[in-house]
Amino acid sequence: GCINCQHTLPYVKAWNARYERDGLVVLGIHTPEFAYEADPANVARYLADEQIEYPIALDPDRRVWQAWDNHFWPAFYLHDRDGRLRYFHAGEGAYAEMENAIRALLGVAPDAPRAVVAP
């Protein structure tokens with residue numbers, strides 16, 4: 001239901017499609033903002049409708065939200081292979097910076113194709 005999260009979806013899907021074979025693991029954590037978003041059936045329907053292929057963890061009690069001291073919908077946390085936080089961004093935007101951080105952590109060659117974001 002979060003329009004800001006919806007705006008970021010094409011980028012996340014494109015990064016997943018482009019960089020999964022290079023080692024990127026995308027995990028969405030869904031912390032509902034509105035009551036209807038807490039219903040797992042509604043979440044499942046949305047994931048199917050949007051053809052989201054990466055795993056989504058449900059956080060209806062905001063345990064992950066609180067453990068990470070998150071305050072934003074959406075929030076992006078990019079961790080390296082050792083689990084260290086290497087990049088954080090709150091909200092929409094900074095898409096090129098995020099992709100650059102993904103490429104750097106994965107060791108993707110500078111001249112390798114970038115993700116193609118569908119409108």
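How many salt bridges does the structure hold? The structure holds five, a salt bridge being a side-chain nitrogen of Lys or Arg within 4 Å of a carboxyl oxygen of Asp or Glu. This is a predicted model, in which local features need pLDDT of at least 70 and side-chain atom pairs count only at pLDDT 80 or more, while totals for chains, interfaces and linings use all residues. Residues are numbered from 1 along each chain as its sequence is written, and side-chain values use heavy atoms, with hydrogens and water left out.

**Salt bridges**
- Arginine 84 pairs with aspartate 80 (2.8 Å, N to O) and with aspartate 82 (3.5 Å, N to O).
- Aspartate 80 is buried at 12% relative accessible area, whereas aspartate 82 is exposed at 62% and arginine 84 is partly exposed at 48% (buried means under 20%, exposed over 50%, partly exposed in between, with a 1.4 Å probe and protein chains only).
- Arginine 114 bridges to glutamate 99, with the closest N and O atoms 3.7 Å apart.
- That pair links distant parts of the chain, with arginine 114 in the segment after H4 and glutamate 99 in helix H4, 15 residues apart.

**Arginine 18**
- Arginine 18 sits in helix H1 (residues 3–19); helices are DSSP runs of H or I, at least four residues, numbered from the N terminus.
- Arginine 18 is buried, with a relative accessible area of 10%.
- A polar atom of the arginine 18 side chain lies 2.7 Å from the backbone oxygen of proline 113.

Key
Helix = DSSP H or I, 4+ residues; strand = E, 2+ residues; numbered from the N terminus. Polar contact = N/O pair within 3.5 Å; in protein donor to acceptor, adjacent residues only side chain to side chain.
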